[in-house]
Amino acid sequence: MNLRDLRYMLALAEHRHFGRAAEACRVSQPTLSVQLRRLEETLGVVLFERSSKQVVPTPVCEMLLAHARIAVAEVDAMAVLARATADPLRGPLRLGVIPTLGPYLLPLVFAPLRAALPQLEIEPWEDVTGALLERLRVHELDAALIATEPEGADLATEPLFTEPFLAALPPEHALCGRARVAEEDLAPDVLVLADGHCLRDQALAACGLAGPRGGSLRASSLATLINMVAAGYGTTLIPGLAAGAAQDAGITLLPLKRRATRTVRIAWRAAFPRRAAVEAVAKVIAERLRGFSAAAG
């Protein structure tokens, strides 16, 4: 048994198809198949149920996968640590970002990041907070841009900027004539994102709600919420960086009476060997958004 065979096993468990797994591992399908047969002989167990239609990990394989992931991650971490001693600001950096932030923040910061860190290859991955933190903990990401403080001493964070929430209203809504909108006044018809989005919980908390009351819509994207508000379906709260997209959709934006905000931060594993790369990215983003944070304050 060797590290290469463990990578093959992980790839087949993920893709559940010999051809796609072989392509992901950059080997021929017969090579991958033969090596996995040898691994099964070495371990004395059947790892995959094979049929003409699908490949499914066996129960014992499911148990072994957790150990294989740890072994591969630790070896990869050794390689990263060795490279990092030479230049932590060179090479790929897998950066997670939440969906309510990515479309609005990344276009603002990618050019400054390329200019300041030309040897660093940012690889963005968009997902909800829980999924990003899980990927971070299992070494599938190196850092993540989130809007909540994660639990656990295994992760470190650094605040980057403060983003205000704005009331988003249909143009003819009764609240449009006000200079500021009280958050609780949005409660009767506020629209929120589906479970898993931190913005959902933040919007409900700002409006003093334990759960949504405005219709049955549970959107999976902020763009859907914005378009539904524009169509007169309800109201919502949007983060300040999305203001341009909201105004383009023709909705009315007003400041909130209690000035609810969220803090965008970068998170990484406390033991991550390329901390210098994370801190360099954080510095560029914070500098780019400095004026925005000042205006929010």
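The model is predicted, so local features need pLDDT of at least 70 and side-chain atom pairs count only at pLDDT 80 or more, whereas totals for chains, interfaces and linings use all residues. Residues are numbered from 1 along each chain as its sequence is written, and side-chain values use heavy atoms, with hydrogens and water left out.

**Stop 1: α1 and α2**

Select residues 3–15 for helix α1 and residues 18–25 for helix α2, which pack at an angle of about 130° with their axes 8 Å apart. Helices (H or I, at least four residues) and strands (E, at least two) are DSSP runs numbered from the N terminus, while axes are lines fitted to C-alpha atoms, for helices over the stretch in contact, and angles run from 0 to 180 degrees between N-to-C directions. α1 and α2 are therefore oblique to each other; angles under 35 degrees count as roughly parallel, over 145 as roughly antiparallel, 65 to 115 as roughly perpendicular and the rest as oblique. Now show the side chains of R7, Y8, A11, L12 and H15 in α1, which meet F18, R20, A21, A24 and C25 in α2, contact meaning heavy atoms within 4.5 Å. The residues of this contact of α1 with α2 divide into 7 nonpolar, 1 polar and 2 charged, where Ala, Val, Leu, Ile, Met, Phe, Trp, Tyr, Cys and Pro count as nonpolar, Asp, Glu, Lys and Arg as charged, and the others, Gly among them, as polar.

**Stop 2**

**Stop 3: α5 and α10**

Next select helix α5 (residues 102–116) and helix α10 (residues 275–288), whose axes come within 9 Å and cross at roughly 125°, which makes α5 oblique to α10. L105, L108, V109, P112, L113 and A116 in α5 meet V281, V284, I285 and R288 in α10, a contact with 9 nonpolar residues, no polar and 1 charged.

**Stop 4: the largest pocket**

The largest pocket has a volume of about 1600 Å³. To find its centre, select R7, D76, R94, H139 and E140, the closest to it of the 41 residues that line this pocket. The largest share of the lining of the largest pocket, 10 residues, comes from α4, and the whole lining divides into 21 nonpolar, 3 polar and 17 charged.

**Stop 5: the largest cavity**

Finish by selecting I98, P99, T100, V128, T129, H197, C198 and L199, which line the largest cavity. The volume of the largest cavity is about 30 Å³, and its lining divides into 5 nonpolar, 3 polar and no charged residues.

On a 1 Å grid over the protein atoms alone, a cavity is a set of points where a 1.4 Å probe fits but cannot get out, a pocket is an open set with protein on both sides within 12 Å along at least five of seven lines, and lining residues have an atom within 4 Å of a point. Grid points are joined across faces, edges and corners, and a volume is the space filled by probe spheres set on the points.
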